[in-house]
Amino acid sequence: MKIDVLDRVGGGPHRRTLATHRPSRDQSSCMSCRFVYTPKHPMCPPVAGALEALNGSSQGRSSVLTRYSTADLHAMAREHTGKGRCRRCGFVYGGLVRTCPASRRIDAELQVRGKARVTQPKAGQGLCAGKSEGWMVLGKNPAPWRRAMAACSVCPLLAQCGAQLNDRLAAGEKVSGQIQAGRLFNADGGEVDPENTDAFATARGLKKRRKRSTSPTSVPAAGRPAELFPDVAA
């Protein structure tokens, strides 16, 4: 299944560790190394080390999710669930954490696609945290831009983000091809008025079509062979 393919992308040895070091039936110890879980250590050392290594490289792996369809992502999300511990990757839930890192990355990708409600990853983080691509001005479809601007409008950190943006702009910094604090900036750093979003998208589409059209290959003017091919003797 494609889910297995995703799980094997990067960190193969660590994935195998998570697959073999499973909790016992009563969830009290590891079946592989016999480590007894405690409130302070709810996972065995091999699993803790594997998760730390995998989480350290999560940003690079998250880009892999863009290759999958929305239906595949929903299927993966259903796999990365469980009671007390993710049944797919073995991540042990604790405190307020009730989802594994893989599940959070999948959810972030679905949010970027507009297929899941945009949520705040952690207290003190904006709604855009971990979903930077959703706030980039890409392509010519204005729908993702509107979703990002709408999310900014209800973000608990909007005022703080807006103040920081104003300070950056006042200092001469240019914001290019991004949406920040609910404001859309084109590739040249110019701000696009929300009312002109559709017109801006149309202009981007026309510009891309002009770039794709190539000028015909120039043909040498008619003349004697020696003039057209100077390296060839007449």
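## Ground rules

Because this is a predicted model, local features need pLDDT of at least 70 and side-chain atom pairs count only at pLDDT 80 or more, while totals for chains, interfaces and linings use all residues. Residues are numbered from 1 along each chain as its sequence is written, and side-chain values use heavy atoms, with hydrogens and water left out.

## The whole chain

The protein chain has 10 helices and three strands; these are DSSP runs numbered from the N terminus, with helices being H or I of at least four residues and strands E of at least two. Reading from the N terminus, the order is α-α-α-α-α-α-α-α-β-β-β-α-α.

Of its 234 residues, 31% count as buried, meaning under 20% relative accessible area, with exposed over 50% and partly exposed in between (1.4 Å probe, protein chains only).

## The sheet

The three strands form an open sheet in the order β1-β2-β3, with antiparallel pairing. Strands pair if DSSP finds at least two bridges between them. At the edges sit β1 (178-180) and β3 (191-192), each pairing on one side only.

Three bridges join β1 to β2 (residues 183-185). Gln178, for example, has Phe185 in β2 as its bridge partner.

## Helix α5

Which residues of α5 (residues 70-79) are buried? They're Asp72, Leu73 and Met76. They share the same side of α5 because they cover an arc of only 100° around the axis, taken from the directions from the helix axis to the C-beta atoms. The face turned away from that buried side carries the exposed residues Ala71 and Arg78.
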